[in-house]
Amino acid sequence: MRQFTKDDVTLLKKESLYEGFFKLNRYIFTHKLFAGGESKTVSREVFERGHAAAVLLYDPEREEIVFLEQVRYPAIETNDQPWLIEVVAGIIEDGENIEDVCHREAAEEAGLELRNLTPIDSYLSSPGASTERIYLYIAQVDATRAEGIHGLEYEAEDIRVFSVSLATAREWLDSGKIDNSTAIIAVQWLFLNHHKIRLQWGINERE
């Protein structure tokens, strides 16, 4: 049973440190302590990038997953190959419907239409540093149409789209070739819920 809520945090001051495409704010606050009483004043810089929707593209007829590959500069710090294997994702703009974001991003980043869009879960991507929450979905697609280079030129996107078998996806997961949290969570969820999602979508199991 959780002991505290947001009402047990007292915000003393908020300072804007940077405001551009993303924002950086400093929050100064106190909070209740497990042992009782109030904490000392705490100062934290917080990266404000909004929230995002992500969707795993799965073809249950061919038993394939559609992935994206694109360069992510921050990955250079820890990865010799900063072209990452990812799922479709995009920022949720103010007032946008989350499912609409999934459909839009699938069209822009993969050139695919979604069927049976199904929520998986939502999670905080890096709660020690960012307010971002990711809303994760799975959807049915036709993997035979997963090909080519996609993305928006004005956003400097250069996205390769391709599909792999579930067996290959499991190998990549086990070997660490898939090494970003959203893709890992999504693919693991599919392996744990493979039978259930096929039944939910009305897909007959293969003999």
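A: Asparagine 97 caps the N-terminal end of helix α1. One of its side-chain oxygens lies 2.9 Å from the backbone nitrogen of glutamate 99. This is a predicted model, and the distances here are computed from it.

The helix itself covers residues 98-110.

Now look at which residues of α1 are buried. They are Val101, Cys102, Glu105, Ala106, Glu109 and Ala110. These residues cover an arc of only 130 degrees around the axis, so they sit on the same side of α1. Two glutamates, Glu105 and Glu109, are on that buried list. After α1 comes glycine 111. Its phi is positive, near 65 degrees.

Next, move on to strand β11, residues 159-165. Phenylalanine 162 is found in this strand. Its relative accessible area is 10%, and buried means under 20%, so phenylalanine 162 counts as buried. The charged end of arginine 160 sits over the phenylalanine 162 ring, 4.3 Å from the ring centre. Isoleucine 65 is 97 residues away from phenylalanine 162 along the chain, yet their C-alpha atoms are separated by 8.5 Å. Another arginine also lies over a ring: arginine 170 is over the face of phenylalanine 191, at 4.0 Å from the ring centre.

Strand β1 (residues 9-19) and strand β2 (residues 23-31) run antiparallel, joined by 9 bridges. They form a hairpin, with 3 residues between the two strands. Valine 9 stands opposite histidine 31 in β2.

Phenylalanine 21 and phenylalanine 22 form an edge-to-face aromatic pair. Their ring centres are 4.8 Å apart, with 65 degrees between the planes. Phenylalanine 21 has a relative accessible area of 69%; exposed means over 50%, so this residue counts as exposed. Phenylalanine 22 is partly exposed, at 24% relative accessibility. Ring pairs link Phe21 and Phe22 with Phe47 into a cluster. The whole structure holds 7 aromatic pairs.

Methods
Residues are numbered from 1 along each chain as its sequence is written. This is a predicted model: local features need pLDDT of at least 70, side-chain atom pairs count only at pLDDT 80 or more; totals for chains, interfaces and linings use all residues. Side-chain values use heavy atoms; hydrogens and water are left out. Rings of Phe, Tyr and Trp (its six-membered ring) pair if their centres lie within 6.5 Å; planes under 30 degrees apart count as stacked, over 60 as edge-to-face and the rest as tilted. Buried means under 20% relative accessible area, exposed over 50%, partly exposed in between (1.4 Å probe, protein chains only). A charge sits over a ring if NZ of Lys or CZ of Arg is within 6 Å of the ring centre and within 35 degrees of the ring normal. Two strands pair if DSSP finds at least two bridges between them. Helices (H or I, at least four residues) and strands (E, at least two) are DSSP runs, numbered from the N terminus. The expected span of a helix is 1.5 Å times one less than its number of residues. The arc is that of the directions from the helix axis to the C-beta atoms. A polar contact is a pair of N or O atoms within 3.5 Å; within protein, one must be able to donate a hydrogen and the other to accept it, and residues adjacent in sequence count only if both atoms are side-chain atoms.
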